[in-house]
Amino acid sequence: MQRRNVEGIKKFSEQKTIEAYRKAESAIERLRKEKLKINFNTVSIEAGVSKPFLYTHPELRDKIEWLRRQEQTETSEKCRLTQRLEEENERLRNEVRRLQDILRKSKIPVII
């Protein structure tokens, strides 16, 4: 039986994997710098690699999952802050209305 020489194919495959890994890392950094959403789909599209490639490389998978969780945490913190600010804004509007009512009822001329 003849033995096939597959060293060239293996080397080419390894080079493709290294290049795809580098492209994925670069895509993650670009998305982070541009403050864009980071998930498997966006990284896959930005890097031009397949989603299975990202899932099968633990370092990339962990990094994407960690960044996605961090992004979700920041979003929920922004939502809580926005809600607190809206509540404070409403409280202040009510206080302004209350004070305006007092001024109207007092019939004291007010120059603004």
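**Exercise 1.** In this predicted model, work out what secondary structure residues 75–105 adopt and how far apart the end C-alpha atoms are.

*Solution.* Start with the secondary structure: residues 75–105 come out as 100% helix and 0% strand. Finally, look at the record: UniProt, in an unreviewed entry, lists residues 75–105 as "coiled-coil region".

**Exercise 2.** Find how many aromatic pairs there are, and classify the geometry of Phe-40 and Tyr-55.

*Solution.* The count gives one aromatic pair. Its partners are Phe-40 and Tyr-55, with 4.0 Å from centre to centre and 15 degrees between the planes. Planes under 30 degrees apart count as stacked, so this pair is stacked. Now place the partners: Phe-40 belongs to helix H2 and Tyr-55 to helix H3 (residues 51–56), so the pair ties together parts 15 residues apart in sequence. Last, check accessibility, where buried means under 20%. Phe-40, at 3% relative accessibility, is buried, whereas Tyr-55, with a relative accessible area of 36%, is partly exposed.

**Exercise 3.** Decide whether Ser-44 is buried or exposed, and list what it contacts beyond its neighbours within four places in sequence.

*Solution.* First, locate the residue: Ser-44 is in helix H2, which spans residues 40–47. Then go to accessibility: the value for Ser-44 is 10%, so Ser-44 counts as buried. With those sequence neighbours set aside, Ser-44 touches Val-49, Ser-50, Lys-51 and Leu-54.

Note on methods. Residues are numbered from 1 along each chain as its sequence is written. This is a predicted model: local features need pLDDT of at least 70, side-chain atom pairs count only at pLDDT 80 or more; totals for chains, interfaces and linings use all residues. Side-chain values use heavy atoms; hydrogens and water are left out. Helices (H or I, at least four residues) and strands (E, at least two) are DSSP runs, numbered from the N terminus. Buried means under 20% relative accessible area, exposed over 50%, partly exposed in between (1.4 Å probe, protein chains only). Contact means heavy atoms within 4.5 Å. UniProt positions are given in the numbering used here, feature names are shortened, and annotations may be inferred rather than shown by experiment. Rings of Phe, Tyr and Trp (its six-membered ring) pair if their centres lie within 6.5 Å; planes under 30 degrees apart count as stacked, over 60 as edge-to-face and the rest as tilted.
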